[in-house]
Amino acid sequence: MKIVIINGQNHKGSTEHIGRMLAEKVGGEITEFFLPRDFSTWCCGCSQCFMDSEKKCPGYASLQPIVQVMDEADLLILTSPVYVYHASGPMKNFLDHFGYRWMVHRPVPAMFKKQAVVISTAAGSGMKSTCRDMADSLFFWGVPKTYRIGIAVRAIKWDAITPKHMQNIERQVAAVARKIVRGHGKVKPGLKTKGFFMIMRMMQKGGGWNKADNAYWKEHGWLDGNRPWR
């Protein structure tokens, strides 16, 4: 299994350790990125990715090493510590660069066959909203199965976590890893994903938001009988 971990921070704290723990329990070829170290170009809101092509984005070239690994991966793992009850700025910026891949625009067929996990930790709370920040993008990309791991580690550093809390972390991570292994190569979009896709299809049959999106849907045959999950 090919696994990519994208961390919303540069340091290897509790969140990164849990992401790595999960990847190792699943097993396979692991590639790991850290933000903003591996991608730091801020989205300038130029809308070129929507209206014309993602290749017009100022950050296109520097983002491609991550894009290539993501598209080839079987499992996507996104991690972010809680930053004021939300994902970190670098993670949010990273996800902003994939707005053109949302189902309303130009979703990538490979995403409809992947599994994903979003991971967030905090000393106290805020994990639910932070995980949701990342999971929202995964859904709109078309990823059919996303697991969420939100853990209050009750510590600032990984090596300060108590043995009791560490056992709980390992138990949760192992449970998700087993589900991922069982689902490898078998996941399919559910009714919610298919329903949203069909609504977007109706919009595109009416002309869509712009010519670039509409041409993309026609090229893939989605306005006819083809579907990205087949």
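Reader: How do the residues of the lining of the second largest pocket divide into nonpolar, polar and charged?

Author: The model before us is a predicted one. In it, the lining of the second largest pocket consists of 7 nonpolar, 6 polar and 3 charged residues. About 190 Å³ of space lies in this pocket. Its lining comprises 16 residues, and the closest to the centre are Ser14, Pro81, Thr121, Ala155 and Ile156. Two or more lining residues come from each of α1 (14–26) and β4 (115–122), and α1 gives the most, with 3 residues.

Reader: What makes up the lining of the largest pocket?

Author: That pocket holds about 250 Å³ of space. It is lined by 13 residues, of which Ala135, Phe139, Thr146, Arg148 and Lys192 are the closest to its centre. By kind, the lining has 6 nonpolar, 3 polar and 4 charged residues. At least two residues each are supplied by α5 (127–141), β5 (145–152) and α7 (191–205), with α5 giving the most, 4 residues.

Reader: Why is lysine 186 called exposed?

Author: A residue is termed exposed when its relative accessible area is over 50%. The value for lysine 186 is 61%, and therefore the residue is exposed. Lysine 186 is found in the loop between α6 (163–183) and α7. Its C-alpha atom is separated by 32 Å from that of glycine 126, which is 60 residues away along the chain.

Reader: What makes α5 mostly covered?

Author: The term buried requires a relative accessible area under 20%. In α5, 11 of the 15 residues are buried, and the helix is thus described as mostly covered. Among the buried residues are Met127, Cys131, Leu138, Phe139 and Trp141.

Reader: Which elements cover the buried residues of α5?

Author: The covering includes the helices α3 (60–72), α4 (89–96) and α7, together with the strands β3 (75–79), β4 and β5.

Technical notes. Residues are numbered from 1 along each chain as its sequence is written. This is a predicted model: local features need pLDDT of at least 70, side-chain atom pairs count only at pLDDT 80 or more; totals for chains, interfaces and linings use all residues. Side-chain values use heavy atoms; hydrogens and water are left out. On a 1 Å grid over the protein atoms alone, a cavity is a set of points where a 1.4 Å probe fits but cannot get out, and a pocket is an open set with protein on both sides within 12 Å along at least five of seven lines; lining residues have an atom within 4 Å of a point. Grid points are joined across faces, edges and corners, and a volume is the space filled by probe spheres set on the points. Ala, Val, Leu, Ile, Met, Phe, Trp, Tyr, Cys and Pro count as nonpolar, Asp, Glu, Lys and Arg as charged, and the others, Gly among them, as polar. Buried means under 20% relative accessible area, exposed over 50%, partly exposed in between (1.4 Å probe, protein chains only). Contact means heavy atoms within 4.5 Å.
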